[in-house]
Amino acid sequence: EDFRQGLHSIFRSHLLVLLLTTTAISGLEILAIWCLLAASGVELTISQMALVMGCISLSTLIPNAPGFIGTFQFAFYVSLNMVQHDGANGVLAATFAQVFLFLPVTIIGVTLLLKSGIKIR
């Protein structure tokens with residue numbers, strides 16, 4: 001009953017904001033990955049990009065090392081092979097994503113954690 005009431009409150013007042021925010025964030029993520037692939041020498045159609053994004057998004061559900069190291073590269077490699085592109089370019093794009101998209105956020109997060117004074121045990 002509580003779960004149903006919680007869903008009802010989301011649908012009633014914030015659904016449009018939730019949908020617009022989700023669409024904007026997903027669009028920016030797709031654009032970032034598309035740019036990284038283009039920088040790696042891979043040009044994809046919209047349908048190919050949808051397949052690649054689906055594969056790399058699902059790859060984050062697989063147990064892996066911190067920062068998706070290895071698993072992320074494998075997902076790019078396999079998905080680009082499925083759309084008839086060189087998987088090595090996918091490994092390069094995945095590494096670009098980790099360096100340019102994940103690393104800055106991680107550094108900022110660690111810095112804020114250290115400045116907050118929270119002790120990690």
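Is Gln-84 buried or exposed? Gln-84 is exposed, with a relative accessible area of 70% (buried means under 20% relative accessible area, exposed over 50%, and partly exposed in between, with a 1.4 Å probe and protein chains only).

## Basis of the report

The model is predicted, with local features requiring pLDDT of at least 70 and side-chain atom pairs counting only at pLDDT 80 or more, while totals for chains, interfaces and linings use all residues. Residues are numbered from 1 along each chain as its sequence is written, and side-chain values use heavy atoms, with hydrogens and water left out.

## The loop between α4 and α5

Gln-84 is placed in the loop between α4 and α5. Helices (H or I, at least four residues) and strands (E, at least two) are DSSP runs, numbered from the N terminus. The phi angle of Gln-84 is near 65°, a positive value in a residue other than glycine. Most residues other than glycine have a negative phi.

Asn-81 belongs to helix α4 and counts as partly exposed, at 35% relative accessibility. Not counting residues up to four places away in sequence, Asn-81 touches Asp-86 and Gly-87, where contact means heavy atoms within 4.5 Å. The C-alpha atoms of Asn-81 and Glu-43 are separated by 13 Å, the two residues being 38 residues apart along the chain.

## Packing of α4 against α5

Two packed helices are described by the angle between their axes and the distance between the axes. Axes are lines fitted to C-alpha atoms, for helices over the stretch in contact, and angles run from 0 to 180 degrees between N-to-C directions. Helix α4 (residues 71-82) packs with helix α5 (residues 87-116) at an angle of about 140°, the axes being 7 Å apart. That makes α4 oblique to α5 (angles under 35 degrees count as roughly parallel, over 145 as roughly antiparallel, 65 to 115 as roughly perpendicular and the rest as oblique).

The crossing of α4 and α5 is right-handed; a crossing is left-handed if the near helix is turned anticlockwise from the far one by less than a right angle, and right-handed if clockwise. Residues making the contact include Phe-72, Phe-76 and Tyr-77 of α4 and Ala-94, Gln-98 and Phe-102 of α5. By class, the residues of the contact of α4 with α5 are ten nonpolar, seven polar and no charged (Ala, Val, Leu, Ile, Met, Phe, Trp, Tyr, Cys and Pro count as nonpolar, Asp, Glu, Lys and Arg as charged, and the others, Gly among them, as polar).

## Packing of α2 against α5

Helix α2 (residues 15-39) and α5 have axes that come within 9 Å and cross at roughly 125°. That makes α2 oblique to α5, and α2 passes α5 in a right-handed crossing.

On the α2 side, the contact is made by Ala-32, Ile-33, Leu-36, Leu-37 and Ala-39, and on the α5 side by Ala-93, Phe-96, Ala-97 and Leu-101. The contact of α2 with α5 has nine nonpolar, no polar and no charged residues.

## Packing of α3 against α4

The axes of α3 and α4 come within 9 Å and cross at roughly 155°. The two helices α3 and α4 are therefore roughly antiparallel to each other, and α3 passes α4 in a right-handed crossing. Among the residues that meet are Leu-51, Cys-55 and Ser-59 in α3 and Thr-71, Phe-72 and Ala-75 in α4. The contact of α3 with α4 divides into nine nonpolar, three polar and no charged residues.

Ser-59 is found in helix α3 (residues 46-59) and is buried, with a relative accessible area of 6%. Leaving aside neighbours within four places in sequence, Ser-59 is in contact with Asn-64, Thr-71, Phe-72 and Ala-75.

## Aromatic pairs

A search of the whole structure finds three aromatic pairs; rings of Phe, Tyr and Trp (its six-membered ring) pair if their centres lie within 6.5 Å, and planes under 30 degrees apart count as stacked, over 60 as edge-to-face and the rest as tilted. The rings of Phe-72 and Phe-102 have centres 5.4 Å apart and planes at 45°, so the pair is tilted. Because Phe-72 lies in helix α4 and Phe-102 in helix α5, the pair ties together parts that are 30 residues apart in sequence. Phe-72 is buried, with a relative accessible area of 5%, whereas Phe-102 is partly exposed at 27%. Phe-72, Phe-76 and Phe-102 form one aromatic cluster.

The Phe-96 and Phe-100 rings have centres 5.9 Å apart and planes at 55°, so this pair is tilted. Both Phe-96 and Phe-100 lie in helix α5, four residues apart, about one turn of the helix. Phe-96 is partly exposed, with a relative accessible area of 24%, and Phe-100 counts as exposed at 54% relative accessibility.
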